[in-house]
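Please look through the sequence and the structure shown below before reading on. The briefing that follows is grouped by topic and written for someone meeting this structure for the first time.

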2 protein chains.
Amino acid sequence: MRFAVTTLGTGAALPARGRYPSAQLLNIRERLFLMDCGEGTQERLRMAQVNLGRIARVFISHMHGDHYLGLMGLISSMHLLGRNMALHVHGPAELREVIELQLRVSGTYLRFPLHFYPVQHTSGALVMKDDRVEVTELALKHRVQSTGFLFREAPRPRKLIKERVDIIPHYARRAVKLGEDLLLPDGRIVPNAELTEPPTPPRSYAYCSDTAQVPDLAPFLHGVDLLYHEATFTESLAGRAKETMHSTAKQAATLARDAQVGQLMLGHFSSRYKDVSVLLAEAVEYFPNTILAREGDTYEVGETGVQG
Amino acid sequence: MRFAVTTLGTGAALPARGRYPSAQLLNIRERLFLMDCGEGTQERLRMAQVNLGRIARVFISHMHGDHYLGLMGLISSMHLLGRNMALHVHGPAELREVIELQLRVSGTYLRFPLHFYPVQHTSGALVMKDDRVEVTELALKHRVQSTGFLFREAPRPRKLIKERVDIIPHYARRAVKLGEDLLLPDGRIVPNAELTEPPTPPRSYAYCSDTAQVPDLAPFLHGVDLLYHEATFTESLAGRAKETMHSTAKQAATLARDAQVGQLMLGHFSSRYKDVSVLLAEAVEYFPNTILAREGDTYEVGETGVQG
């Protein structure tokens, strides 16, 4: 059961050096979520051979163009491709205004329901929950309201012990995986503990888009398997980071260390960095298990950082 | 003195087959004008090595996303690159709303003046005029208000006759080129006709973006050197063209013939055409001097269709 993130864009506000603006695709047990949607995201999705029709939800962190300007084009393409499944969009309240105005002036009546949910910008606030995942908010700090998203996988079923599988009738397997004892046809009861092992622990992913350093996030991020955090600058530009309300690689790594996450992924690289390895070099001093987001690559979450 | 058009995007609403949505760059004597600006246009401009800061004016035909969704990103990049020269934007009144809302919600205060001029949607209405070009409107017919633009080069100076150049003092050359007689230091007057030849005739380019067939445009387009006209479909899909208010290749060619233009360029190809030569084959039956717009190519206007 997959839990993987594909980085569709790793650049900052000014597109350059072949880096696209922010966008990531999260695949949680074959349900697809898009986080941010900069200009050109639909092209990136096509390059990654993603069927646009399968994207269930979109999460927009904030209203800077490099994080949402690709959304109208994506919605338009979904419409033209005949989508009828509802699309759920989470983001700042202003995003609804921008979408509605543009649908209106283009005279577009979408073929599919588009549901919009404004974020509350409150760490821990529930965004959505279904059978596969629970999403909560992370209140970031930026020049405009910016919200991160924390994805926690729903608990997975217990694993059947190989040697005992044969005694469990097919109709009873689902219940046993969910923890029930087994009632055999002859009336005997087999305790669940003799049939199953604990499930693989649920995986988690945090998406911290544009933000200044927010140390109060550490408790919310405690122990997440993979933390994506922006790292627009190195410490030598800490002043510029403060002024623009972005983070340095050191700041991202310090948060990862304080929150004891499994792995840190850096992105949103300023166009001034031709070679982004300087950002990695800075971060690993504070948090060794750090990687750089690479354009178009897919990362399996919770597999000790093995790249897919 | 250049008069050239670069086709940055030749696709229709659904991006596909490596074709970008609509955008063209017009270079009139080194003044740059952008016509339409679909998603990804700034990337196409970079690929064409165009300095964004040099673009003086943008003309948006209509409010369908594939013609304007790249504009906010372009404006944002101009801002981030430190532009201070004013940008003039011509388009439907709704475009101003869309720009202003997005600047507001992103908290952006542009470093440069952005002047917006709503179109009147009246064929022949003056859009702008300066020392190099006069631009007038072409009222197209589409599902939303759609306006084409006709660019007529300002009259060019007369050409000095090579053999007589030596007798004209440097300070007087400009006046002679503009048609004045020459007063020599000894009091003699040399008539202009003995010094100059008629100038190269001014060149003209018409941009007819999304539209159903509009035969009434013929008098406005009479004799233009290059007519760009959309040709989304072939005649076999004339019903679909009518329904969506687009044109077939035959319809575009018929207008070119009726208007006696120099050359016709087709674009805005439906994503259903992998090979667009069927559109060319249809058009040349009605207007032989037809070419297909090719992604990223530059065409010199008025040079009997020689490609730059």
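In this predicted model, A:His268 counts as buried because 29 C-beta neighbours lie inside 10 Å, and a residue needs 20 or more of them to be called buried. A:His268 sits in the loop between strand 16 and helix 9 of chain A, where this residue, although it is not a glycine, has a positive phi of about 60°. Most residues other than glycine have a negative phi.

**Confidence of the prediction**

- For the complex, the predictor reports an ipTM of 0.90 together with a pTM of 0.92.
- The average pLDDT of chain A is 95, and 98% of the residues score at least 70.

- Is B:Gln260 buried or exposed? B:Gln260 counts as exposed because it has 12 C-beta neighbours inside 10 Å, and the limit for an exposed residue is 12 or fewer.
- A:His142 belongs to the loop between strand 8 (133-139) and strand 9 (147-153) of chain A, and A:His142 is buried, since 22 other C-beta atoms lie within 10 Å.
- Leaving aside residues up to four places away in sequence, A:His142 touches A:His62, A:Asp210, A:Thr211, A:Ala212 and A:Met245.
- Between A:His142 and A:Val278 there are 136 residues of separation in sequence, and their C-alpha atoms are 24 Å apart in space.

**Helix 9 of chain A**

- Which residues of helix 9 (residues 277-284) of chain A are buried? They are A:Leu279, A:Glu282 and A:Ala283.
- An α-helix has 3.6 residues a turn, so residues three or four places apart point the same way.
- A:Ser277 and A:Ala281 are exposed on the other side of helix 9 of chain A.
- The partners against which the buried residues of helix 9 of chain A pack are helix 8 (249-258), strand 16 (263-267) and strand 17 (290-292) of chain A.

**Helices 8 and 9 of chain B**

- Helix 8 (residues 249-258) of chain B is mostly covered, with seven of its 10 residues buried; these are B:Ala249, B:Lys250, B:Gln251, B:Ala252, B:Ala253, B:Leu255 and B:Ala256.
- The cover over the buried residues of helix 8 of chain B includes helix 6 (218-221), strand 15 (226-230), strand 16 (263-267), helix 9 (277-284) and strand 17 (290-292) of chain B.

**A sheet in chain A**

- In chain A, seven strands form an open sheet with mixed pairing, and their order is 6-5-4-3-2-1-18.
- Strand 6 (114-118) and strand 18 (298-300) of chain A are the edge strands, each of which pairs on one side only, and from one strand to the next the twist averages 20°.
- Within chain A, strand 4 (residues 55-59) and strand 5 (residues 87-91) pair in the parallel sense over three bridges, and A:Phe59 has A:His90 of strand 5 as its bridge partner.

**A sheet in chain B**

- Strand 14 (residues 204-208) of chain B runs parallel to strand 15 of chain B and is joined to it by four bridges, and the bridge partner of B:Tyr207 in strand 15 is B:Tyr228.

**Where the chains meet**

- Contacts between the chains involve 27 residues of chain B and 27 residues of chain A.
- On the side of chain B that touches chain A, the elements giving two or more residues are helix 1 (41-47), helix 3 (71-80) and helix 4 (93-105) of chain B, and helix 4 of chain B gives the most, with six residues.
- The residues on this side of chain B divide into 11 nonpolar, 11 polar and five charged.

Technical notes
Residues numbered from 1 in each chain as written. Chains lettered and ligands numbered in written order. Predicted model: local features only at pLDDT ≥ 70, side-chain atom pairs only at ≥ 80, totals over all residues. Contact = placed C-beta atoms within 7 Å. pLDDT = per-residue confidence, 0-100. Pairing = 2+ DSSP bridges. Axes fitted to C-alpha atoms, helices over the stretch in contact; angles between N-to-C directions. Nonpolar A, V, L, I, M, F, W, Y, C, P; charged D, E, K, R; others polar.
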